Amino acid sequence: MSLNANDKKVITTFWGKASAQADAIGSDALGRLLLAYPQTKTYFSHWKDLSPGSSDVKRHGALIMGGVTEAVTKIDNLSTGLLELSELHAFTLRVDPANFKLFAHAIIVAIAIRFPGDFTPEVHMAMDKFFAAVARAMSEKYR
């Protein structure tokens, strides 16, 4: 399912507000991911503390959300816009692409908690489609 013009407008408008809390969203989402899907901890075995709210989780959550913000700015062509990130995750980090979908869900939960009044069904649907498109783009180099 591709993003239509209305989806893109909803996403960019909502992210314009939510991005002010991007670091906290990323930290929360990554903490949730590591707790709910402990198999994802293998990618971070070099960290001293994998617990939610640790400095490593906060730092990496912020880094990931920087990628989400970048994806919003490249919403018209995610495959090309996220090519370098896709290559990094496929060839260097060797992250299982199924984790992109898991993390997308954790981000949506973190967003919904922080913005209950703004996270309408329309926003939820558009963000879900957006994160599915981001996950597809991030998986491009795995094929």
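In what order do the elements of the protein run from the N terminus on? They run α-α-α-α-α-α-α, a total of 7 helices and 0 strands (DSSP runs, H or I of at least four residues for helices and E of at least two for strands, numbered from the N terminus).

## About the model

This is a predicted model, where local features need pLDDT of at least 70 and side-chain atom pairs count only at pLDDT 80 or more, while totals for chains, interfaces and linings use all residues. Residues are numbered from 1 along each chain as its sequence is written, and side-chain values use heavy atoms, leaving out hydrogens and water.

## Burial and contacts

Let's look inside. Of the contacts (heavy atoms within 4.5 Å) with a separation of 6 or more, 73% are between residues 24 or more positions apart.

## Salt bridges

The structure holds 7 salt bridges (a side-chain nitrogen of Lys or Arg within 4 Å of a carboxyl oxygen of Asp or Glu). One of them joins Asp118 and Lys17 at 2.7 Å, N to O. Asp118 sits in the loop between helix 6 (98-114) and helix 7 (121-138), and Lys17 in helix 1 (residues 5-18), so the pair links distant parts of the chain, 101 residues apart.

Arg59 and Asp56 also meet in a salt bridge, at 3.0 Å; they are 3 residues apart in helix 3 (residues 55-73), about one helical turn. Asp56 is buried at 16% relative accessibility, whereas Arg59 is partly exposed at 47%. Finally, Asp28, Arg32 and Arg114 are linked in a network of salt bridges.

Conventions
Buried < 20%, exposed > 50% of the residue type's maximum accessible area, 1.4 Å probe, protein only.
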